[in-house]
Amino acid sequence: CTTLERKNPNDLCRETDAWFPSTHNIGGTPGFENSVFSTDETIFELLSASVVSLNEVELHFSGKTDSASLVNASVSIGNSNLNFASSNPSFSTGIFASNTDFERGKVYEIQVGGIEDCAGFATNTFSTEVYLHQSGDVILNEVLFDPTTTGSDFVELKNTTAFDISLNGWSFGYYNTEDSLIYLPFESTAN
């Protein structure tokens, strides 16, 4: 039996790579320093940004942010400031809204500043690009509608751009034998 140990019990901001199996010969270290203990500095950074609606951008950070700094962050696209809209419970993701809609098929440069990690350490200013897809950017590439008895139906989508495109909110649908539209949950197996 092996326990899970926190890599650094003093680093509560870390979201990824925080827990590891104990390497101690008895499987755990209760009352002693964790066998996987390390003081490696966690680099707090902007991991990704994506357009999630016509006027909202979602920012993903490598750890928990200070909630007040997330709400008061300086997030802008060009000369337009974005306003904090919402966050996930750990404040590692924030959604920021624009007062105007983004244009489809256009690349936007986002500037992010004033965000602190959950321990209160200020971060650098981040800059990244996002793209709002347009019609034809995602195409049907392959459809299997009548598989063998051991196979599965599937639809393959192809992103024809060099940018990540969020499929959040997308769904598939078909008409059943009673001519009713049935929506299927979207399951991604992106590579």
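Tyr131 is buried, with a relative accessible area of 11%, where buried means under 20% relative accessible area, exposed over 50% and partly exposed in between (1.4 Å probe, protein chains only). The model is predicted, so that local features need pLDDT of at least 70 and side-chain atom pairs count only at pLDDT 80 or more, whereas totals for chains, interfaces and linings use all residues. Residues are numbered from 1 along each chain as its sequence is written, and side-chain values use heavy atoms, with hydrogens and water left out.

A search of the whole structure finds four aromatic pairs, a pair being rings of Phe, Tyr and Trp (its six-membered ring) with centres within 6.5 Å, and planes under 30 degrees apart count as stacked, over 60 as edge-to-face and the rest as tilted. Among them, the rings of Phe84 and Phe96 have centres 5.7 Å apart and planes at 75°, so this pair is edge-to-face. Phe84 lies in strand E6 (residues 80-87) and Phe96 in strand E7 (residues 93-97), twelve residues apart; strands (E, at least two residues) are DSSP runs, numbered from the N terminus. Phe84 is partly exposed at 26% relative accessible area, while Phe96, at 1%, is buried. The rings of Tyr131 and Phe163 have centres 4.7 Å apart and planes at 15°, so that pair is stacked.

Asn8 is placed in the loop between strand E1 (4-6) and strand E2 (19-21), and its relative accessibility of 11% counts as buried. Asn8 touches Phe37, Ser38 and Thr39, leaving aside residues up to four places away in sequence, where contact means heavy atoms within 4.5 Å.

Methods: Helix = DSSP H or I, 4+ residues; strand = E, 2+ residues; numbered from the N terminus.
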